Amino acid sequence: MFANGKGKWQPANFENIPLIAFDSSNMETPEPAELDLSLQSLISRKDKKRPWLCNFPFNFLNMVRYCCCPPREMTSRRVVFPCNDAASRYPPNVVRNQKHSAIFFLPAVLIEQFRFFLNLFFLIMALSQFLPQLRIGYLSTYWGPLCFVLTITICREAYDDFKRYIRDKEINSALYEVVTPVGSKIFKSSSIQVGDILKIHKNQRVPADAILLHTSDKVGTCFVRTDQLDGETDWKLKISCPLTQQVENELALFDMQIEIFAEKPQKNIHVFFGTLRSADQHGGQEEALNVDNILWRDTVLAAGSAVCAVVYTGCETRAALNTSQPRSKVGLFDREVNNLTKILFVLAFLLALVMVGLKGFTGIWPVTFFRFLLLFSYVIPLSLRVNLDMAKIVYSWLISEDKEIPGTVVRSSTIPEELGRIQYLLCDKTGTLTQNNMIFKKLHLGTVMFNQETFDEISSQLRHGFDPKSEVTSTQSLAVKVRLALEALVLCNNVTPAQDEGSETGDSQRTTTYQASSPDEVALVSWACDVGLELLYRDLNTIIIKDPFNRDHSYNILQIFPFTSERKRMGIIVQKVGTDEITFFVKGADVVLQPMVSYNDWLEEECANLAREGLRTLVVAKKMLTVQQYEAFSTSYNKAKLSLYDRQRKVNEVVSTLENDLQLLCLTGVEDQLQVDVRITLELLKNAGVKVWMLTGDKVETAFCIAKSSGLISRSHNVFQCPTVHTPREALQELEKLRACSSSLLVISSASLEFYLAYLPEEFINTSSACAAVVCCRCSPEQKAEVVRALKKYNGRKLVAAVGDGGNDVSMIQAADVGIGIVGKEGRHASLAADFSITQFSSLARLLLWHGRLCYRRSCSLSQFVIHRGLIVSTMQAVFSCIFYFASVSLYPGMLMVLYSTIYTMFPVFSLVMDRDAKEKVVLTFPDLYKDLVKGRSLSLKTFLIWFLISMYQGAVIMYGGIFLFESDFIHIVSISFTSLVITELIMVALTIHTWHWSMVAAEGLSLSIYVLSLLFLPNVFDLKYVRTWSFMWKTLVLTTITQLTTAGNSPVIFQCFVPLTLSCEHGYYPCVTVENFVR
């Protein structure tokens, strides 16, 4: 339990902490409690705090939960195998994704619902009906609709939670083989404890975080699939501890007296520190453990079998710590509707106050005021939220079923209207604008450059370099340079050949595929294979390559230094079998390796040239080591790996002793091709008024080239490249230069971007927002999210969308108003974290311009009619009360009002979700139409005032007309006015429709039929004899006709005949016929 910075105590509920996208350069990850307690976090969330009164129910509920189920403290641990007291010291291995427990379900759901103003208002109104002085009608009149709305919500929440419970039960009941000193036993996943030794089989999910002890592969390696954890589709190589891999079988592990030290549970899945100690009869031995030696929960064993020791269970696993409840975003449209309901409440309040004032503040006037407030409560439509929620479900279904954008998934159905009002689109480059399909393009050896047209020459030189009859030995010869470069490319990587048997043909033919964590490395190794040098075999200790003469060359792997975002390079030390030749190969970014290689006069220039061509560059170098040099290094390296404190820094320091005076071998250029129709999509979005910002981790030259080739910038744009700034004065001077450049493209590096966001965020956002496009280079995942947050904070009500395809884009996607994930080669991490998932970038145009338009326009029409339905009834009630001496008596029976807002008018009004105000071809051909949606004119105070005046007019006409045509009995007034009210609503819906759909015709006909039939079954409300007379018919017809005289101009069918297109657009209408005539 911890303080939230304002004296309020809340439980440390780690499940509610948002999912964080990790940058592997940040080796130290703050703990969950530190995340909430950090000063910067509190400052950034200051504006988002709810009032204390709104927070109190949640704080109280959380305190009750804390008292009943206090959280365990997460600590580092030493686990002896087997462990006998794990049940009391560590949490159970239970997967629980339910939002609420059975005890707290109903209170939590009700508290959540009554946070909304509409529900809270009607709850107060319904409670007031228990007081005889305030009772207007039957209790069911108020409690019926409220209970109906709450019941639907509770049932939906219960259904969703029950589905989560079923999924959790299925996972918790999965059976696993647990190894014990007396043999193997079968246990459920929920019964597994810290200290258990598991045997995992092929395609089986790992149920807890466990140290890999032994594998069926003799060298101690196995592959796991991690797509359910980090979204990456490539298999990951895991390595068992060398001490335990030596045993003959899993039962022998208990004779080793294993003791494992594991760090404190944290979120970062890319880092793990621990040690394994064995105290058997041969003496104590100790091995360092890292992330390659642990299997995270929810990963799947891809092949073979593995024996592992459980160290984290339940809520302490990495998967649980990185799991958060889906964040329900509240869109700008919902906030606007909520503001309108508050305005309606103020109107009802003032109207009730006026009625009491006109009557005179006599007697118990507060009771009279409250009764009037109850009578005018229909002005605040309880059904508005239900209709909008149902409409959002329809929108989500329509988007998912669109055959033009197959594979689109709506993961957040609360914000489809926001798609129609996007003004900023922030996108990644690799995998988003490009295909992440790497093609090897160029190889530079310093003296010669090879491209796709001259790769045959490389094959020839490679054969010459490996030819035993060749007498070429000089390192300056071209054949030797080619051989050394390709050997480095094939050896210095993390690529593993995978053999797949040809089961379909029934023969023994095998197909070799390459598995790696980076598509760049697969492209390099595949190209080397194509020109004649094949990576034949690789395991933990050995690499075998095959030269052009089909001879095998074996190398022993002595050390591997994996690639990290901090180091921006990877390295490997190998020894050729049968020789003392030890070589250190290194491969990485040019900015990192340039200071490490020997002097040359071509690397920097050629890197810039390749980058201007849009190619991704890698520098490859090597260093020869003597046996004595390697032994000295190995001793220092192993000592650093065993350090329990600040291990990574010490390891990096030891490795850096080798990274100097390297021999430069080659420079490679790999192309990432543009996705299909990227240029067309960006052009459409720019014409629609959407400003596109590209945020990428690539270098400036590559990013600028992709921006140019994709059409993000044009020839008319002035390119402004912001230099690195160090002081506020320099930063302000650069911003002044940028303001002077009209129609400019801003290119900025991560260093300058970090300075601006830290010290001059508002000035930077305001200035850069005026640019035609912005390209941010060398951005970290957190910087991408900071840019999104800054745009949202300093650009007012302008909506920001973010699109990406990789795990490094998750922070940006979750921070945006609308997050869009692309299912790509980097996995499904971004897709799973996004609000909308698409398969390719070109789907954005249709998603925003077409579906975004439909969702926003339809919801606006739906909201207007639901509000109009309540306003017209309240106007009639006000007229009735004024005529009858300000009596606080209901005009219509409560049950009749319930039928009016549900059965009689609900279907036609809701059928507006199928309306189309323009044809699809016109909208996509003329994206300028999207700009008018951004202004929010379809649901503004102006349109609200227009509908308010229409409702007042129609309500007054119906009420005064019904009284004027009154004959002998009051029931005739009810019959005439109510019938005219229902028909008026149906006609209003019909006149507002732009494009008729069969469901609209069915809804209109069904509602009218139900109303006519109900006249026969409500004798207490309607005079059956009177409603069958011509008098009733002509009077109803006259009233209904008069109500439509001044409102018929609101119809698109009539409006488009007399009003030009520009004026029509100002009123929020885009009649199909008018637009098409304009196009012709």
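**A tour from T368 to the cores**

Select T368 first: leaving aside its neighbours within four places in sequence, T368 is in contact with V356 and K359. Contact here means heavy atoms within 4.5 Å. This is a predicted model, in which local features need pLDDT of at least 70, side-chain atom pairs count only at pLDDT 80 or more, and totals for chains, interfaces and linings use all residues. Residues are numbered from 1 along each chain as its sequence is written, and side-chain values use heavy atoms, with hydrogens and water left out.

Now colour helix α11 (residues 365-375), where T368 is found. Helices (H or I, at least four residues) and strands (E, at least two) are DSSP runs, numbered from the N terminus. Is T368 buried or exposed? T368 counts as buried, because its relative accessibility is 16%. Buried means under 20% relative accessible area, exposed over 50%, and partly exposed in between (1.4 Å probe, protein chains only).

**Next stop: E659**

Go to the loop between α19 (647-656) and β28 (663-674); E659 is there. E659 has a relative accessible area of 6%, so E659 is buried. Which side chain makes a polar contact with the side chain of E659? Select R569: the two side chains make a polar contact at 2.8 Å. A polar contact is a pair of N or O atoms within 3.5 Å; within protein, one must be able to donate a hydrogen and the other to accept it, and residues adjacent in sequence count only if both atoms are side-chain atoms. Beyond four places in sequence, E659 is in contact with R567, R569, F584 and M596.

**Along β28**

Show β18 (residues 434-444): this strand and β28 pair in the antiparallel sense over seven bridges. Two strands pair if DSSP finds at least two bridges between them. Pick K442, then its bridge partner in β28, G669. Now show β27 (residues 615-625), which pairs with β28 in the antiparallel sense over eight bridges. Here R616 has V670 in β28 as its bridge partner.

**Last stop: the cores**

A nonpolar core is a set of buried Ala, Val, Leu, Ile, Met, Phe, Trp, Tyr and Cys residues joined through side-chain atoms within 4.5 Å. The largest has 101 residues, and F841 is one of those with the most contacts inside it. Helix α28 (residues 843-883) gives the most to this core, 14 residues. Apart from this core lies another, of 42 residues; select V482, V495, V531 and Y555 among them.

Finish on F841. Leaving aside neighbours within four places in sequence, its contacts include L425, C427 and I822.
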